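Hi,

Here is the structure I promised to pass on. Please open it next to this email as you read.

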Amino acid sequence: MGLGLTTLGRILDDLGSTFLDIVASPGGVEVEVATVQIYDPLDDPGVPPGAILLGVGVEGSDRICELLSALGPAGAAGLVVKSPVAVDEAVRAKVLETGVVLLGLTRAASWAQVAALLRSMLAEGDVGVPGDPAETGDDLFTLANAVCELLDAPITIEDRSSRVLAFSGRQDEADQARVETVLGRKVPEKYQRMQEEHGIYRELYQNREPIFFDLGNGMLPRTAIAVRAGDEILGSMWATVPGPLPEHRRRAFADAAKIVALHLLRQRAGADAQRRLRADLLSTVLEGGRDAADAAARLGIATERVCVLAAGLDESAFQDVAGREGERQRFCDALALHVGAIHPHAAAALVGGIAYAVLPLHAQGSDAEQRAVKVAESFLTRTGRRFPAAIGVGRLVSTLAEVGRSRADAARALRVLRARGVSGAAASYAEVYFESLLLQLGDLVAAEEQPPAGPYQKLVAYDAEHGTDLVGTLKAYLDCLGNVHAAAKAVQVHQNTFRYRLRRLASISGLDLDDPDARLAVALQVRLYS
């Protein structure tokens, strides 16, 4: 359409905060971005207006201030440096003075991939917001123009977040608010706030008929209608009008909203189908079967030297199934963006409620796994407030046939983290190997319905009958590696009392605490059953 501008604010909206976020800003971020350049200290530091400069190797407050000073007069949009960014009062003052936004890039990200990602956004002329022409096709724009002819008024179609999905011609007949909305492809915050204060959105979403309002303050009157699929609000349609619509045009507007709903449902169904396809393909890769190579080729992911990440969202805060599923998908989308920024042949998809990612790595052995853990930790740090989660990291494998092992490792490590009840943590399978073995042993015991046996069973039965806690005494003794003084202190009894209880439990159960095999057997039962 030629009217869309790629602004820094829209780029950040699209990317979220998974690997690029604002460190210091002069106030607004709605500055147009024209190009991306990589910093080279041997080159002339001059950049064209609207440039984002990728500060490769730039560290320290003084160096950042020097670059900001050079970028300000040129009208640059932003400076990106690797996190953690040295921000002090001098840096903040320089940002305000130059008007250049300072951005932080996660250390796990590749400069080459960030440059490619940003350049692809600029090449598209948009930032890939939901509903841009590349996603919805021309149908929605054609429909907007048709409604424009029916109502004799310029039209916009928006989603629930007030992003512009499509617009008609004749926008030059509208007011400044509409012009800013179309150019930015989103209703500016000040106009959203004004409409919220007057209850426009509340009235819009409570009604099934068009509503008319005139807020003044330089804004022309509007007629708007919610776009619905049953009781679900998909978005809204807005017409800039001189006054209330005649009844026949009100009816035409309402009928057009039903057609828009069908378009939006079709768009969403297409996106859901694409996600299901990616999930099916990635699941095939993770199985490592004979079809894995073909699935990997269709996904465009690496086929050797990869680690699998298993990311599980803490879903305890989500009451309804729909909300839980939506958050899972948004969480997976954020993970896909994060790993995709680090390596072009990475991929992520939601499989069985877990977000799995296949991450190619160049490091060797344990170094590769630690690198993958750092990537996971970086993602959790940046998304923890929105998505409390834990991530398990599988072993590094060198062929597709072994990817299934890495996936199993990652899933087991995630299970251990969940069993600990922690979020915001990542761990490799090697780090939680023994805990994972105990969980697997517990599964076997449960599957075979095996009750406690031997000395441990006798102690459990005795405690249940007599109200004693000889099992607790035994556990303290084992936890303290046979140190009676420490064990007695742990259960808050005198050492002589503790020794008496040990003799008592040995007599009742027949347990020989001097036998290492007997100690191991009873220790495992204590861990599995208590």
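Below are notes on one strand and its neighbours, then on salt bridges.

First, the ground rules. This is a predicted model, in which local features need pLDDT of at least 70 and side-chain atom pairs count only at pLDDT 80 or more, while totals for chains, interfaces and linings use all residues. Residues are numbered from 1 along each chain as its sequence is written, and side-chain values use heavy atoms, with hydrogens and water left out.

**Strand β4**

Start with β4, residues 78-82. Helices (H or I, at least four residues) and strands (E, at least two) are DSSP runs, numbered from the N terminus. Four of the five β4 residues are buried, so the strand is largely enclosed by the rest of the structure. Buried means under 20% relative accessible area, exposed means over 50%, and partly exposed lies in between (1.4 Å probe, protein chains only).

β4 pairs with strand β3 (residues 51-54) in the parallel sense, over three bridges. Pairing requires that DSSP finds at least two bridges between the two strands. V80 in β4 is the bridge partner of L54. β4 also runs parallel to strand β5 (residues 101-105), joined by five bridges. There, G78 has V101 in β5 as its bridge partner.

β3, helix α2 (residues 61-71) and β4 make a right-handed β-α-β unit. So do β4, helix α3 (residues 89-98) and β5. Right-handed means that, with the strands pointing away from the viewer, the path from the first strand over the helix to the second runs clockwise.

**Salt bridges**

The count is 17 salt bridges. The rule is a side-chain nitrogen of Lys or Arg within 4 Å of a carboxyl oxygen of Asp or Glu. Three pairs follow.

- D152 and R170 meet at 2.9 Å, N to O. This pair links distant parts of the chain, 18 residues apart: D152 sits in the loop between α6 (139-151) and β6 (155-159), R170 in the loop between β7 (164-167) and α7 (176-184). D152 is partly exposed at 44%, and R170 is partly exposed at 27%.
- E327 and R330 meet at 2.8 Å, N to O. Both lie in helix α12 (residues 321-342), three residues apart, about one turn of the helix. E327 is buried at 10%, whereas R330 is partly exposed at 40%.
- R420 and E435 have their closest N and O atoms 2.4 Å apart. R420 is in helix α14 (residues 403-420) and E435 in helix α15 (residues 433-447).

Best wishes
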